[in-house]
Structure formats: C-alpha cells, structure tokens
Amino acid sequence: MQPFRFDLCELPGETEGLRQEIRAFLAEELKQIPKVTRAQTWSGSDPEFSRKMGAKGWIGMTWPKQYGGHERSFFERYVMLEEMLAAGAPVGAHWIGDRQSGPLLLRFGTEEQRQKILPRVAKGECYFCIGMSEPDSGSDLAATRTRADKVDGGYRVNGTKLWTSGAHTAHYMIALFRTDFAAEAKHSGLTQFLVDLKNTDGITIRPIKDLAGNAHFNEVVFEDAFVPDNMLVGTEGGGWGQVTAELAFERSGPERYLSSFLLMVEMIRELEKRGGEEGAREIGRLVAHLVTLRQMSLSVAGMLEKGENPALEASVVKDLGAIFEQDMPVRAHELLGIAPGIGTGNDYEDVLGYLTQTVPSFSLRGGTREILRGIIARGLGLR
Amino acid sequence: MNELQTILSDSVNGLLAERVTKALVQKAEEGDFPTALWNEVEANGLTRVLVPESQGGAGGTWADAAIVLKAAGEHVAPLPLADALLANWFLVQAGIEVPDGVTTLLDGAFTLEGGKLSGEAPGVPYGRNAAHGVAIVKGEVVLVPLDGAAIEPGLNVAREPRDRVVLKGAEATAKKTALPGNAMKLYGALIRACQMAGALGYLSSQSVAYANERTQFGKPIGKFQAIQQQLAVLSTQAAACGVVTDHACAQLDKRGAEAAFEIAVAKIRVDDASSIATSIAHQVHGAIGFTYEHGLHFATRRLWAWRAEFGAGSEWAAMLGRETVAAGADALWPHVTAR
C-alpha cells in the first residue's frame with residue numbers, strides 16, 4: 001500500500017468571488033510590470049505591492065484577527081496564492097512571513113512576539129528570512145554550528161548562515177542556532193530564535209550574486225551578536241521539531257509547481273502564431289501535468305484545512321512539481337528553438353532567459369530532490 | 001470512502017486478491033478463460049456498478065466505478081471487467097436492458113440498417129469470450145449478440161484477447177443517446193487510465209516489497225540510496241495517477257461529457273507515468289523480474305499494452321494541445337481553475 005493519501009479536494013464555491021476580485025486587482029496592478037519581472041513571482045520583492053496586498057487583507061489570511069489576521073479558510077488562502085503565482089505577482093517580500101514564519105510564531109511564539117510582529121506582517125510591512133543553511137550545513141541541517149551561548153539576559157551568537165534568501169531586505173530572521181554543544185545533542189541541541197536584523201549589532205549581511213547575476217540570497221555573519229531571551233521561539237532545544245513542522249508549510253504550497261508557469265503561457269502564445277502538431281502535443285502533455293499537480297496540491301491544501309499533517313504528501317508534490325518547473329525551459333527550447341535572452345524586450349525570450357538560468361535552484365531550495373526522495377523512501381518503509 | 005465504496009472495495013479487492021493467482025493468469029494467457037471467476041465477478045455485481053439499482057445494479061457513480069477499475073488493474077485480472085462495466089453503462093445511457101454474461105466493447109466501423117449491424121472492429125477485448133458486444137453508431141448505442149460473428153483471434157502484448165470481430169447484418173438492439181460522437185474512445189480511455197493507475201500502484205508496492213526482501217552486499221537492496229531514490233520516483237508517479245484518474249471520474253460524475261478534458265489529462269498523465277514506472281520496477285527487480293516465472297510482467301505488459309489502447313497519450317495530448325492553443329495563452333489558467 002502507498003503510505004500517502006491524496007483525497008480529491010474541491011475548492012468551495014464561495015472562493016470564486018475572491019478569485020475574481022484578485023484577478024481584477026492583478027489586471028490593474030501588473031499592467032506595467034514586464035513579463036520577465038513577473039516571471040520571478042515569489043522571488044521578486046516589491047514592498048509597495050506587499051503593502052497593497054496587506055491592505056486588501058491577503059496576507060495572514062488564515063490567522064486570528066487579534067494578530068492582524070483575517071480568519072479566512074485555507075482554501076481562500078490557496079486561491080490567493082495560486083492566482084498571485086499564475087499571474088506572476090511580485091509577492092516575494094512578504095512571502096516567507098506569510099507562508100511559514102507567521103504560522104511558526106502562531107504555533108510556538110510568545111504572546112509578546114505575536115502581538116509585536118504578526119500585525120505588521122499582515123500589513124505587508126514586515127518581512128522574514130529563514131536562517132537554516134550554513135557553510136557546513138545544507139541538507140544535513142542538524143549539523144548546524146552557529147552557536148548561541150547563554151549570557152546575562154540573552155544569548156551571544158557567533159557563526160555564519162548561508163544562502164539566506166531575502167536577508168538583505170528582511171526585518172527578521174527565524175534562525176536555527178546551536179545552544180547545546182554536546183556531541184549527543186546533535187538534534188536536541190538546536191533552538192529557534194527571532195533575530196532583529198535591522199537593530200542588532202554584530203550582524204553582517206553580504207548578498208551573493210547568483211549565476212544569473214541577481215542578488216537574491218546572502219551570507220549572514222554573526223559576530224558576538226546579542227539576542228535577548230524574549231526572542232527565543234518555542235523551547236530551548238526544541239528547534240529540530242519546530243523546524244520539521246515549519247518545513248511542511250514550506251513545501252506544501254502551489255509555488256512548488258507554478259514557478260515556470262509564465263513560460264508555459266508564453267510558449268502557448270508563440271504557438272498561436274506558429275501552429276503545428278508537435279507543439280500541440282507538447283502543450284497537451286504540459287497541461288496534463290499541470291492539472292495533475294494542481295489536484296495533488298489542492299489535496300494537500302485540503303489536509304491543511306482539516307488540520308492534518310501533509311508533510312509526506314507535500315514532499316511528493318514538491319518533487320513532482322520541481323520536475324515540471326525545471327523541465328519547462330527544456331521543453332520550450334526543444335519545441336521552439338529560440339535562444340534565451342537578456343533584455344531583448346521580447347517577452348518569450350526574456351522569460352526563457354530568466355528561467356533557463358534559474359530553474360537549477362528549484363530542486364535545491366526548500367529541500368533538495370534527494371532529501372525529498374529520502375523522506376518519501378522513509379514513508380515507503382525503506383529506511 | 002462512503003459506505004458503497006467501502007463495500008465495493010472490500011468485495012472487488014477481496015475476490016481478486018484471492019482468486020487471481022499467478023497460475024490463473026498464466027492459464028488465461030494460454031487461452032483458458034477463467035469462467036468461474038467471471039461468474040463470481042458478475043454475481044458480486046462488479047460489472048454493474050454503473051447500472052441503476054432498479055435494473056439489478058449498484059446505482060453507483062464513476063467515483064465508485066474507479067475503485068473497481070483500479071482493482072482490476074492492480075490485481076491484473078485476466079477478464080474484460082472494465083470493458084463490461086463500460087459497455088453496461090453505455091446500455092444504461094440508451095435504456096437498453098443489460099444482459100448477463102460477458103459483454104465487450106466494439107470499437108470499430110459499423111453501419112446500422114433496419115436494426116441490423118454490419119462492419120468490423122479490430123482489437124475487441126475478449127471478443128472470442130463475449131456473448132454480446134456494444135457498439136456506438138452515429139450516437140446510437142447498439143447491443144449485438146456475438147454468436148454469429150466472425151472472430152479472428154488476436155492478442156495484445158499482455159496476451160489479453162484482442163480479436164477482430166466481423167458482423168454482417170447481425171440482429172441488434174439500438175437506441176439513440178446523447179453520448180458524444182467519440183464516446184467509445186473517450187470513455188474507453190478513462191477505463192484504461194483507471195486500470196493503469198491500479199497497475200501502477202501495484203508496481204510501486206510490489207517493488208518496495210521486493211527491495212525489502214532481496215539481500216545483496218549483506219543488506220536488503222532497499223537500504224541503498226540508489227534504490228530508495230528510484231522507488232521514491234516510482235511511488236510519486238503512482239500517486240499522481242491515482243489522483244488524476246479519481247479527478248477524471250469525479251468530473252465525469254459532475255459535468256458529464258464535458259469531462260473530456262479531464263479524461264484526456266488522465267490518459268496522457270498515466271501514459272507518461274507508465275513509461276517511467278515500468279522501467280524502474282524492472283530495474284529494481286533485476287533479472288528475476290524479467291522471467292516469466294515472476295509475476296511482475298503481468299502488470300508491466302498490461303501497462304505497455306493499455307497505454308496505446310483507446311488513444312495513446314500522445315494522441316490525446318495533440319488534441320488537448322490543439323484546443324489549448326486555439327483557446328489562446330491567456331485562457332489556460334481560467335480554464336484550469338474553473339474545474
């Protein structure tokens with residue numbers, strides 16, 4: 001028997017009004033934004049756009065009202081997410097706070113942390129990054145070495161976080177630090193902290209240029225940075241369990257299969273001009289995979305709505321979704337044979353140019369393909 | 001699962017798990033039709049899932065039928081169970097009484113004149129074993145006894161009978177329906193896709209079980225990452241097919257012939273998965289899986305045969321792609337999210 005379950009999940013009819021409202025909003029807001037910028041979707045940061053979304057009530061949609069949320073359903077949030085992604089809205093600034101740091105604080109944060117931070121996140125004014133990876137700790141997250149030593153009133157932090165997306169624009173980092181250095185405390189010696197990136201001495205953030213020349217992720221160096229006691233999240237030594245719960249949120253959304261959707265749309269636009277049986281066949285295949293992934297993704301959303309833990313199912317969707325996203329520039333190349341471009345002004349060429357260079361990251365970020373398949377293999381009873 | 005679905009699932013999986021032995025499938029491949037099993041399948045109402053209760057059926061939906069169709073594939077039942085289930089549904093659409101015995105699908109070129117059916121169909125599932133055939137001629141569902149038919153035996157690569165059936169003025173019962181013009185191919189694609197999803201689920205669980213059993217280098221081969229990663233891929237492909245076929249059946253229940261979109265999607269996706277999954281399953285099983293003795297091939301050969309029946313994935317993809325391009329790039333997302 002398969003260890004995972006994908007029950008069909010149909011979005012309730014009342015989400016349709018919200019969908020239309022979002023489409024109308026996006027038609028207006030995205031008019032002036034070039035397709036190549038839109039292709040960045042949840043990697044593209046635009047604080048002004050985030051504030052507009054906050055004003056619309058589209059950040060923290062499922063959170064309690066007392067923390068600035070809107071107490072809407074996971075399904076309504078799902079509709080918002082997939083509409084933003086499919087249109088290529090620049091949702092990157094608030095994305096991580098909305099997706100995982102907010103929910104993390106709701107679950108494990110102190111009342112003070114929630115009161116102080118969540119309403120600002122929901123307004124689209126306060127952004128998060130995730131400090132997990134380090135120079136010697138990538139997939140092997142428990143190898144985290146950045147140390148938080150107990151001192152009077154807080155912790156003194158030393159070490160380096162790496163590949164931290166958005167650290168250069170974020171207000172806070174949810175960081176995983178080592179608080180117990182005993183060899184046998186590999187997992188139990190980890191603790192999560194809220195780090196105020198804008199008001200803490202001893203933190204140096206250096207953007208790392210990616211292969212396409214974009215500054216998206218960073219190296220964050222801590223040198224005797226002081227983090228007060230009231231910024232500890234959850235329990236000391238409970239970091240591993242909390243991070244695992246957080247990753248279920250990180251891996252479960254429609255951004256795990258829609259990152260190349262804009263290229264698919266532009267491929268169809270090219271084929272409208274050219275026609276041809278081969279092109280039709282390829283598009284038909286892509287549509288079949290798109291529809292399948294959406295149903296799987298919706299099924300995961302249904303589990304979230306029911307309060308179930310879809311960690312395993314989310315890994316399945318992310319693995320299949322990454323193949324779909326990564327394959328898109330290859331399919332485009334084989335089908336149309338047009339060179340990817342930079343700054344040509346041609347939508348198809350520029351979107352292809354951006355995605356061709358970006359897709360290698362899709363099976364690295366949020367857990368590598370091999371890690372995900374390891375999780376799935378564990379679910380199958382193989383490890 | 002609702003109550004009917006639980007009953008159906010227990011009934012079909014219980015029966016087929018017990019009765020479809022390697023020996024039975026092997027004998028079927030040698031030409032020995034498992035009549036006793038067929039009679040039990042009928043007695044359990046499994047061919048009449050979509051027939052109203054008033055006509056002796058279960059009065060089920062396509063979501064219910066999917067359970068039976070997947071089980072037929074999962075257990076590699078050497079019977080035209082899926083075909084009969086669909087044939088009976090066609091008869092119900094036309095208001096023609098559903099006969100007992102083996103009823104199969106006649107997917108071919110026929111003409112109907114004065115209540116007499118003439119023409120031929122290639123590759124008729126279990127044509128030699130069927131008492132009746134169901135054809136669709138210009139929107140009319142036609143039920144015809146096959147006792148007078150000329151039958152030229154043939155096989156697909158799973159050694160399932162796929163016979164040429166020739167009829168010359170055979171006495172038939174015909175009634176008009178609102179079924180779409182391509183109903184035979186469309187719904188045929190759906191039943192095969194569901195069977196394939198079942199067979200893919202079997203490949204996944206069987207391959208995991210084998211990897212946990214087979215020891216090399218002092219440990220079960222499933223402990224090696226190279227094997228684990230492959231089995232993870234196989235399981236995700238099987239999972240995708242389970243979802244996409246459930247989706248197609250649910251949409252057919254909801255919107256009738258407009259579910260042609262989801263049926264095409266399902267056949268395309270399952271076809272793609274079959275190529276990946278059969279390859280991994282055989283690789284994990286090694287040489288033993290390549291023997292006739294081991295039963296793995298009963299499922300893999302079915303997948304290789306079924307993926308081309310009632311339109312290969314590529315054919316459905318070309319159709320779906322033409323429609324998508326014709327509707328225009330910006331129509332895709334609204335269409336996908338409206339379902």
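The model is predicted: local features need pLDDT of at least 70, side-chain atom pairs count only at pLDDT 80 or more, and totals for chains, interfaces and linings use all residues. Residues are numbered from 1 along each chain as its sequence is written, while chains are lettered from A and ligands numbered from 1 in the order in which they are written.

**Chain A overall**

Chain A has 12 helices and eight strands. These are DSSP runs, numbered from the N terminus: helices are H or I with at least four residues, strands are E with at least two.

| Property of chain A | Value |
|---|---|
| Radius of gyration | 21 Å |
| Box filled by C-alpha atoms, along the principal axes | roughly 70 × 50 × 40 Å |
| Share of the 383 residues that count as buried | 54% |

The radius is taken over C-alpha atoms, and the globule rule is 2.2 Å times the number of residues to the power 0.38. For 383 residues a compact globule would have a radius near 21 Å, so chain A agrees. Buried means that 20 or more other C-beta atoms, placed from the backbone, lie within 10 Å of a residue's own.

**Where the chains meet**

The contact takes 43 residues from chain B and 42 residues from chain A. Two residues are in contact if their C-beta atoms, placed from the backbone, lie within 7 Å. On the chain B side, α7(B) gives the largest share, 16 residues. That side divides into 23 nonpolar, 16 polar and four charged residues. Here Ala, Val, Leu, Ile, Met, Phe, Trp, Tyr, Cys and Pro are nonpolar, Asp, Glu, Lys and Arg are charged, and the others, Gly among them, are polar.

**A sheet in chain B**

Four strands of chain B form an open sheet with mixed pairing, in the order β1-β4-β5-β8. Strands pair if DSSP finds at least two bridges between them. β1 (103–105) and β8 (173–176) of chain B stand at the edges with a single partner strand each, so one side of each has no neighbour in the sheet. In chain B, β4 (residues 132–137) and β5 (residues 140–145) pair in the antiparallel sense over six bridges. B:Val137 stands opposite B:Glu140 there.

**The core**

The largest nonpolar core has 228 residues. Such a core is a set of buried Ala, Val, Leu, Ile, Met, Phe, Trp, Tyr and Cys residues joined through C-beta atoms within 7 Å. B:Val68 and B:Leu85 touch the most other members. Beyond neighbours within four places in sequence, B:Leu85 contacts residues including B:Val68 and B:Ile191.

Notes:
A residue is buried if 20 or more other C-beta atoms lie within 10 Å of its own, exposed if 12 or fewer, and partly exposed in between; C-beta atoms are placed from the backbone.
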